[in-house]
Amino acid sequence: MRCSPDLSQESALWAAGVVRAAGLDEAGRGAWAGPVSAAAVILPPDAAVLERLKGVRDSKQMTARQRGEWAERIRQEAAAWGVGFASAEEIDAQGILPATRLAMQRALAALCIPPQHLLIDAVRLRSVPLPQTCLIRGDATCLSIAAASVLAKTARDALLTALEAEFPGYGFAQHKGYGTALHQTALRTLGPCPQHRRSYAPVRLAEAGWPLP
């Protein structure tokens, strides 16, 4: 069901004097290849930003064209924004959840102003000494998180599209590293490349020469 994110979380913080609330979200956790990305967005403490960003949704509810258009608007409207990545190698070494947290920490480090509070979609950053609110399906209900989901997704998609030239034949520009039929065929034919997550079962099977399920 489609729903519009709002500023209820941000407004409560603004009313309490917390004017720099950063929304965080990730993209690419379920992909077989490429990094996991994360973005952090601090919206200005202005209720009118809800109207100016009224087309922003959870990135999964938007088309690629919509994400691209709204990503530019988000960057213009945000008081600060940052993007971070954790590589396939880091995912294999640490696991996807620690790598996701690492990408989020890098997104926070990329902000030009320090946040006072974090609004995060279903993840807690235990190593970050800031107050945090973890929201289930936060990308569908909280505008800052939804905006972060759009920036994380568009940044990762752009990177995977660029990787197509470095690793031709895998179709990264089309499937963005996810387990589509095209990707499965490429894995069977070419085997994994350095961008593949070898800790993921389909990649391990392809590397071992076993048929994928």
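Leaving out neighbours within four places in sequence, K153 is in contact (heavy atoms within 4.5 Å) with A27, S59, R67 and Y178. This is a predicted model, where local features need pLDDT of at least 70, side-chain atom pairs count only at pLDDT 80 or more, and totals for chains, interfaces and linings use all residues. Residues are numbered from 1 along each chain as its sequence is written, and side-chain values use heavy atoms, with hydrogens and water left out.

K153 belongs to helix 7, residues 143–166; helices (H or I, at least four residues) and strands (E, at least two) are DSSP runs numbered from the N terminus. With a relative accessible area of 16%, K153 is buried. Buried means under 20% relative accessible area, exposed over 50%, and partly exposed in between (1.4 Å probe, protein chains only).

Now for the nonpolar cores. Such a core is a set of buried Ala, Val, Leu, Ile, Met, Phe, Trp, Tyr and Cys residues joined through side-chain atoms within 4.5 Å. The largest one has 26 residues, and M104 is among those touching the most other members.

A second, separate core of 21 residues includes L53, A71, A147 and V150.

Finally, both Y170 and F172 are buried.
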